[in-house]
Amino acid sequence: MELSRRKFMQGVGALGGAAAASAFSFPTIADAAKNAKNGSAAEAAVEIRKVKSGCAICPNFCGIEATVVNGIIRTIYPDTARAEFYNHGICPKGASGMFNTYDPYRLKKPLRRTNPKKGPGEDPRWVEISWDEAFNTIAERLKKLRAEDPRKLIWQHGQGKYLIQEQYCQAWTKAFGTPNMVHRTTACEAARHVADELTWAGGGILPDLKYSKLLLNFGANYYEGEQTSRWLDWQTMQSIESNGLKTIVVEPRLSGVAGKAHEWVPVRPGKDVVMILAMAKVMIDAGTIDEPFLVDFTNAPQLVDASGTILKDKDGKTPLVWDTVSGSAKPYLQGVKPALKGAYNVDGKPCRTAFQVLADSIADITPEYAQEVADVPAATITRLAQTFAKEARIGETIVIDGQTLRYRPAVLYSFRGLAAKEHGVQGWRTGLILNMLVGNIDAVGGLMLGGAYGRPQYFDVSKCEYPPSRADLAQSVFFPYSNHHIAQTPNLVVQDPQAYGLAYQPEMQIFYGTNRPVSIPNSWQQFAGLAKTYNVVIDIVMSESAWYADIVLPDKTYLESWHFAPTRGTTDTGHIAIRQPMANPYNLQHDAFSIMWELSKRVGFRDQFAEQCNKSWGLKEVTFKPGRDYTTREGVEILWADKAKKDFSVAIEQGFVGSRKSVKSKYLSGAEDKFKGPGKAKMKFYADQLIDTYYKAEGIVKKNSLASFELAKLRIAYAPLPTRDHAFPTPHREAKDYPFYVITHKRMYRNQSGNTVNNVILNQAIGKDAATNFVQINAATAGKLGIKGGDAVMIETRVGKIKGTAQVIQGIRPDTIAVSYHYGQWSPGYAPDAHNGTAINQVLEHHPDLISGHNSFNDTKCKLYKA
Ligand SMILES: Nc1nc2c(c(=O)[nH]1)N[C@H]1C(S)=C(S)[C@@H](COP(=O)(O)OP(=O)(O)OC[C@H]3O[C@@H](n4cnc5c(=O)[nH]c(N)nc54)[C@H](O)[C@@H]3O)O[C@H]1N2
Ligand SMILES: Nc1nc2c(c(=O)[nH]1)N[C@H]1C(S)=C(S)[C@@H](COP(=O)(O)OP(=O)(O)OC[C@H]3O[C@@H](n4cnc5c(=O)[nH]c(N)nc54)[C@H](O)[C@@H]3O)O[C@H]1N2
Ligand code: SF4
Ligand SMILES: [Mo]
């Protein structure tokens, strides 16, 4: 092992040019292959293994097949068997994934900080310690905390969730006794999830691209970022070829996905809401909407009173519609024919249908007005609305496998483009409303829902906790509809818990597979939180979070460890998969599971951990038993047995089992089954739970005299329908002297803020463009400012200043600059290449969405000048 590692390190040193090939001694591989075929005496010396596993660098979770020669991972290719169920190909990060494992900058031993001061300029004065010392030191603290008040522990994870799976983290924190387990979703796409949850009480959407004729894409960049990308990219190209699919991309910069589209519409950042509402107006005015769908599937016909609340029947629960048969307000039951439009009078109270409320509220959001706000020509907005409605083929059906199905092959889709905003929930709600207007929900070629009405509680008023029980303030009165953990709040709350009414002072944080402060706007504000707590960081490299740790624990990578692996399904398929170890070059002893297990044992809650694992995983037949230990592999075997119901040899040989959806389950068991017709729950065209939640929050704020609480802001955020206000986030209103919009985005060459920054292939072999990031500026703007490509420029926001390198391009709006994520890491523990570029989060403003708690990433404004 020692020898092969040294050999490998020589290879790394020689990289960066043509020397790479000889350094990796490919002839040896060729010889090995020949020998293996011939069955010669050398066969015993050269072992070639093909290993099926899964990539875990990004949350696309592609199936992979690696070639392992004498214990060294030589190649990683896509698993061709997986293409039928999911990924077609892999990306450069995945193909060079072994370089994250063989990275010389890996953490190899537990480290203890000996300088108590924490800061970017502070030398932690690390000392290597044994695993035993590390476990004992942490366990001692945990024991004390658990006896005192277990809530004082905060557990945070990011990619970690996808390595070990959240169920284990849930079980561990539950068994320990803290409510504070915090995932990264509000740094990611929580707003989009919450918009889905509010609208159809479930989560997970995909466009039915196989049958779509038109894809209107508002910032789902699946040629560079996105999830389910290695299916979306392939399926888009297939459908362009075989189905005449047209793609139109609406976003401020010419992203990878915009570059490959039939049309790029460079909208002004954050103004999409107004543009989409103007499209809705064009469609409503022209009558090109799916009225039967709106009546049968949604709450658009329900009656809304002057306060914005939906009128209820005598039981105080059942919503009322205007029955055109009897000319009276009634619950939508058999025999009732609801009116979609109109104003009525019920018991002396004026009311309108929810649909009418929308139509009236956008009466003055004309394409001309939208042009003013979003800087997209009125004629383009009108044309897009007309094209969308026409391609949706409202009223048509299609027969597939003998089933007659609604056919609406036009779909509006988005990912972080509409969601990573101060008003992210309202952003994607606007998109959902346009989709509902043409009735494409769960229709052939439309928007496919995952698990419609699977969690009806999302239609209820929020619990609006005060005082908050969680250190991230999730579901409290501060962020009432944050159904997901709020990644950025714990590090703010630990700095002043009383300001939020939190009854305890969090003292310790465990970070597992997340570089939290770096991924969050106003990063230094986050670091100030890390400086307040005792931190344990479980990572594979010395991230910035690790630089703020008291104890750092090295983890195994996804190529070194067993995982019951999460996967991505497509519109037509699903699969269950594992990851398996194929190398261990640094002879690492522990992975996250064994770390959790050992800690639970030393603190004294091992059996509770096992019991909670059975609960969080929903295990019934094959379970974790008390009174014994489990290895990581044994844990995966249990889960595989329970979920896949196949022998473990199948997992080892094939890496996954796939399944296909029937036409019935794809199109008829979602919205059709849950929402259609009288007597059923309805999709929330009008999110009345938001306005009801606002009134509840208002009461709590007044009762508790929360003086600094900004109710007016909450009122705007909790509007039951999107409004023009949602296109004016705080910096757009306040940062008047800052002329440029700043947006950020993913790049293909890197994943998030962590381990790919050391990857020598991505840094050195792909080319200069991949080795750093740039400040992308429109050529006309650069000309006016006297900036040339390659110039050092300064970005100045209300938070601070940061330097970057100008890249002058045509493919961006003149009033916008774009800086990608993933670059400019400052931790001294990374490879020098990792420090290239600009860490834009250091200067972005932090304005969380008050509904979901989601971070805003694309709302900041800046000045720009030559540095
Ligand atoms: N400006 C800007 N900011 C962004 C984004 C953006 O587009 N622009 N994107 C946002 C999004 S979508 C997200 S999801 C967040 C991500 O937020 P982050 O928290 O930064 O990223 P993670 O992927 O959660 O964490 C990465 C950490 O996990 C470590 N890691 C990798 N593999 C392993 C392993 O096998 N074991 C262990 N223990 N650790 C491992 C890495 O070294 C790294 O330190 O960032 C958000 N921040
Ligand atoms: N290579 C790579 N792939 C990844 C990741 C990675 O780190 N690297 N991370 C993964 C994760 S965790 C996630 S959540 C996904 C995110 O996947 P995406 O959502 O596809 O990625 P982003 O780049 O965050 O944002 C998408 C697009 O939004 C655009 N945008 C910014 N502001 C606006 C706006 O105001 N309006 C509109 N219409 N568009 C706007 C940006 O230009 C960008 O192209 O990517 C995943 N895939
Ligand atoms: S897209 Fe993500 S999961 Fe797939 S190969 Fe690339 S890094 Fe790995
Ligand atoms: Mo994300």
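Let me begin with the shell around ligand 1, which is made up of 10 nonpolar, 14 polar and seven charged residues (Ala, Val, Leu, Ile, Met, Phe, Trp, Tyr, Cys and Pro being nonpolar, Asp, Glu, Lys and Arg charged, and the others, Gly among them, polar). What we are looking at is a predicted model, in which local features need pLDDT of at least 70 and side-chain atom pairs pLDDT 80 or more, while totals for chains, interfaces and linings use all residues. Residues are numbered from 1 along each chain as written, chains are lettered from A and ligands numbered from 1 in written order, and side-chain values use heavy atoms, without hydrogens or water.

Staying with ligand 1, there are 31 residues around this ligand (a heavy atom within 4 Å counts as near), and the closest of them are Arg 184, Thr 514, Asp 539, Thr 744 and Asn 841. Asp 539 also makes a polar contact (N or O atoms within 3.5 Å), since its side chain places an N or O atom 2.6 Å from an oxygen atom of ligand 1. Backbone atoms take part as well: a polar one of Asn 515 lies 3.3 Å from an oxygen atom of the ligand, and a polar one of Lys 556 lies 3.4 Å from an oxygen atom of ligand 1. Ligand 1 taken alone exposes 930 Å², and the protein buries 97% of that area (Shrake-Rupley, 1.4 Å probe).

In terms of domains, whose bounds come from an automatic or database assignment, the shell takes at least three residues from each of domain 2 (111-188 + 501-580 + 587-659) and domain 4 (728-866).

Turning to ligand 2, we find 34 residues surrounding it, with Glu 251, Asp 272, Arg 416, Lys 421 and Arg 750 the closest. The side chain of Lys 93 has a polar atom 2.9 Å from a nitrogen atom of ligand 2, and the side chain of Arg 253 has one 2.8 Å from an oxygen atom of the ligand. Asn 751, too, brings an N or O atom of its side chain to 3.1 Å from an oxygen atom of ligand 2. On its own this ligand exposes 920 Å², of which the protein buries 99%. Helix H18 (416-419) and strand S27 (740-745) are the elements giving two or more residues to the shell around ligand 2. That shell divides into 10 nonpolar, 12 polar and 12 charged residues, and it draws at least three residues from each of domain 3 (193-451 + 672-686) and domain 4 (728-866).

Around ligand 3 sit Cys 55, Ile 57, Cys 58, Asn 60, Phe 61, Cys 62, Ile 90, Cys 91, Lys 93, Gly 94 and Arg 230, a shell with seven nonpolar, two polar and two charged residues.

I will finish with the backbone. Most residues other than glycine have a negative phi, and most peptide bonds are trans. The peptide bond from Tyr 466 to Pro 467, however, is cis, with omega near -5°, and Pro 467 is in the loop between strand S20 (447-449) and helix H20 (490-493). Arg 125, in the loop between strand S4 (111-113) and strand S5 (126-128), has a positive phi, near 50°.

Technical notes: A polar contact is a pair of N or O atoms within 3.5 Å; within protein, one must be able to donate a hydrogen and the other to accept it, and residues adjacent in sequence count only if both atoms are side-chain atoms. Helices (H or I, at least four residues) and strands (E, at least two) are DSSP runs, numbered from the N terminus.
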